[in-house]
Amino acid sequence: MAKLTKKDINKAFLTWHTSSHLTYNYQRMQAGAMASMMGPILTKLYPNNKEKVAEGLQRHMIFFNTEPRWGAIIPGIAVALEEAYAENPDSMDPNTIVDAKTALMGPLAGIGDTLTQALIKPIILSIFLSWAMQGHILGALGWGILMFAYDFFVTRFSFMRGYQLGMDSVDKILDQAYVSKITNFLGIVGMFCLGAMVVKFVSIQPIYTTVL
């Protein structure tokens, strides 16, 4: 079996990062992105064995859907499990790879959506929105640049941690105390930003009536 190199892992990460939102369909959701990412990995793990490559691709064309940034832990884990299975087929049932993806995609979608969509993006948007309303082009450009950087580095961190720790990473990421600390912190920051926006953008005009 050929060993995966750092270049192989980086290529898999970039494929996931760029394609996770490009291949949605109602039947399989992100399975196309998973298969696109795993294709070169499986080809490297099983050189000159098209049957094994096809078998692996079938595992990753099963319905899959999660939040793609924090949820990138799952593709990272999948690569690690495929590598371990190729090295020692007796070490696990290949269905374990599918089961791991299926079991994790829901919880990580909930965590990722809460952190990104409900907390981080509104906080960042509140900062740049005030600049944009004042006519500063940096309000638009800064939002795009910062969100791209956030998406890229969070995806890379999640993917690499998933690959490095394998299934052990799940216990760390899904630890309720750990998640609770992050959401509480971001929630406090979000309330500060909300308060600042209310003071800056909301005005109440009192209505006076004259009593004759």
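Tutor: Phe13, Phe148, Phe152, Phe153 and Phe159 form one aromatic cluster. The model is a predicted one, in which local features need pLDDT of at least 70, side-chain atom pairs count only at pLDDT 80 or more, and totals for chains, interfaces and linings use all residues. Residues are numbered from 1 along each chain as its sequence is written, and side-chain values use heavy atoms, with hydrogens and water left out.

Rings of Phe, Tyr and Trp (its six-membered ring) pair if their centres lie within 6.5 Å; planes under 30 degrees apart count as stacked, over 60 as edge-to-face and the rest as tilted. By this rule there are 5 aromatic pairs. Phe152 and Phe153 make an edge-to-face pair, because their ring centres are 5.3 Å apart and their planes stand at 85 degrees. Phe152 is partly exposed, at 21% relative accessibility, whereas Phe153 is exposed, at 55%; buried means under 20% relative accessible area, exposed over 50%, and partly exposed in between (1.4 Å probe, protein chains only).

A charge sits over a ring if NZ of Lys or CZ of Arg is within 6 Å of the ring centre and within 35 degrees of the ring normal. In the cluster, Phe13 has the charged end of Arg156 over its ring, 5.6 Å from the centre. The charged end of Lys101 likewise sits over the ring of Phe64, 5.5 Å from its centre.

Phe64 and Lys101 also line the second largest cavity, along with Arg59, Ile62, Phe63, Val98, Thr102 and Met105. A cavity is a set of points on a 1 Å grid over the protein atoms alone where a 1.4 Å probe fits but cannot get out, and lining residues have an atom within 4 Å of a point. The second largest cavity has a volume of about 30 Å³, a volume being the space filled by probe spheres set on the points, which are joined across faces, edges and corners. Its lining has 5 nonpolar, 1 polar and 2 charged residues, where Ala, Val, Leu, Ile, Met, Phe, Trp, Tyr, Cys and Pro count as nonpolar, Asp, Glu, Lys and Arg as charged, and the others, Gly among them, as polar. H5 supplies the largest share of this lining, 4 residues; helices (H or I, at least four residues) are DSSP runs, numbered from the N terminus.

Methods. On a 1 Å grid over the protein atoms alone, a cavity is a set of points where a 1.4 Å probe fits but cannot get out, and a pocket is an open set with protein on both sides within 12 Å along at least five of seven lines; lining residues have an atom within 4 Å of a point. Helices (H or I, at least four residues) and strands (E, at least two) are DSSP runs, numbered from the N terminus.
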